[in-house]
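Hi,

Here is the structure I promised to pass on. Have a look at it first, and then read my notes below.

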Amino acid sequence: MKKKKWPETWQEINPGCMVFEPASARSYLTGSWKAQHPVWDDSKCIKCGICYIFCPEGCVSQDEKGFFRADLDYCKGCGICAHECWPGAIKMVEEG
Amino acid sequence: MAKRVGMEVGIAAAEAVGMCNIDMAAVYPITPQSHIAEHLSEIVADGRIDAEFVTVESEHTSISCVSGASATGARVYTATSSQGLLYMHEILPIVSAMRLPVVMANANRAISGPINIWNDHSDIMPQRDAGWIVFFADNGQEVVDMTIQSFKIAEDDDVMLPICLNMDGFQLTHTVELIEFPDQKEVNKFLPPRKPFATLHPDNPISMGTLGMPEIYAESRKSQDEALKNSKKTILKVWDEWEKMFGRSYKPVETYLAEDAEILLLTMGSMSETAEIAVDELRKKGLSVGLVKLRLWRPFPFEELKAAVKKAKLLIVTDRAVSFGGSGGPVFIEIKSALYHEKERPLVYNSIIGLGGRDVAVTDFIKLIEDAAKAGEKGIIRDYEFYGVRG
């Protein structure tokens with residue numbers, strides 16, 4: 001059976017909307033909200049990690065070569081990484 | 001053995017809490033509730049009970065604090081009044097939505113302005129839609145009994161809701177009354193330790209107080225409405241159990257000489273006992289009058305109220321709060337709407353009375369009822385009135 005995204009009926013609501021599955025927020029892909037996504041120009045990147053530090057979603061991580069990428073399942077496209085990147089290595093690109 | 005003592009009702013409320021095996025309390029003192037806060041903190045400080053008394057800096061914090069503790073499975077208590085209750089307002093609907101059992105006393109006091117520390121019901125009425133169970137006590141004995149009952153009701157798995165027990169400020173909280181305290185062993189039997197439905201604990205992580213998206217918000221509100229309505233079953237069950245163990249009966253709607261009465265007066269809280277005397281006096285004069293006392297304000301006891309008033313010709317609802325620009329006091333609005341679809345229903349009048357500590361004497365009730373009776377006989381449809389207002 002396909003897992004429900006949310007309770008169908010009021011009778012299925014847990015008392016107080018309690019959630020008994022730890023870290024279930026992970027299954028809610030907030031990345032669908034974004035209108036733009038960050039694109040890194042690795043030739044300009046100095047691997048300082050300021051994008052990683054400032055990302056409010058915690059969705060930026062370092063790859064095996066030491067460059068940074070956003071997990072687009074959770075990136076909301078806020079552009080803070082691009083704003084903070086002082087070498088100008090990140091560009092926000094429109095979706096679609 | 002139960003013992004009978006003469007005690008100030010505010011002190012007695014704290015003593016009753018002291019018998020309930022609470023784990024923590026957070027109470028910010030405010031007139032006329034302060035004696036509850038002070039005496040409960042003494043009970044804890046003297047080591048009479050094993051509980052935490054958290055001294056908070058505001059009512060917004062006291063209610064937040066007890067709610068957090070309740071989420072960990074603790075039995076919790078708080079108390080407030082007037083502006084303090086209004087300061088809690090932001091948190092009140094969250095406590096009920098999170099289905100956290102909390103027992104709170106409210107020493108009813110007028111709200112500002114003008115600044116007034118005396119008794120009426122204008123503090124609790126704006127909290128009507130906060131999703132709490134709301135009780136009104138008539139006297140000191142009921143304050144003690146209902147405090148103990150409230151923990152059992154609030155913590156029941158079929159309820160899991162906060163309860164606000166209203167007691168009139170000064171008229172009750174500062175009056176010395178003869179009160180029968182139940183035996184501690186009997187209370188322990190009636191009120192075993194809390195068995196929480198779920199608790200916040202790092203070993204077993206769960207989430208409480210989560211975000212509710214548009215896709216589930218309406219369903220969550222509906223489930224909360226059903227939960228509050230459903231709580232009446234447990235309230236009745238617990239009151240039944242109380243009566244069997246301690247001999248005193250509690251009903252959502254209490255009546256006094258109302259069976260055959262053509263005219264009914266409806267009151268809430270401490271005014272009810274004064275009203276009983278007025279009913280006695282008027283009965284002696286040959287007027288067919290009785291009293292209906294509303295003990296349970298939320299969930300509203302529709303069936304019980306309809307049954308109590310259906311044979312009467314005239315129902316005079318007293319309100320101790322104003323709904324500015326509305327069609328009457330909040331209790332009147334509720335009752336009129338409850339009776340709208342009834343085939344058999346009395347004419348309903350509304351007197352706003354006893355505001356901001358204005359004394360309501362037996363003679364006031366007599367005058368109010370006699371005046372209403374004259375108008376009622378002619379079938380006159382009346383708006384709400386501010387009883388005894390000058391000018």
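Start with two helices of chain B: α6(B) (residues 140–155) and α8(B) pack at an angle of about 130 degrees, with their axes 10 Å apart. That makes α6(B) oblique to α8(B) (angles under 35 degrees count as roughly parallel, over 145 as roughly antiparallel, 65 to 115 as roughly perpendicular and the rest as oblique). Axes here are lines fitted to C-alpha atoms, for helices over the stretch in contact, and angles run from 0 to 180 degrees between N-to-C directions. Helices (H or I, at least four residues) and strands (E, at least two) are DSSP runs, numbered from the N terminus.

Before going on: this is a predicted model, where local features need pLDDT of at least 70 and side-chain atom pairs count only at pLDDT 80 or more, while totals for chains, interfaces and linings use all residues. Residues are numbered from 1 along each chain as its sequence is written, and chains are lettered from A and ligands numbered from 1 in the order in which they are written.

Now to strand β13(B), residues 314–319: six of its six residues are buried (20 or more other C-beta atoms, placed from the backbone, within 10 Å of a residue's own; exposed is 12 or fewer, partly exposed in between). B:Leu314, B:Ile316 and B:Thr318 cover one side, with B:Leu315, B:Val317 and B:Asp319 on the other.

β13(B) pairs in the parallel sense with β10(B) over four bridges and with β14(B) over six bridges (pairing takes at least two DSSP bridges). B:Val317 has B:Leu266 opposite, and B:Ile316 has B:Tyr349.

Cheers
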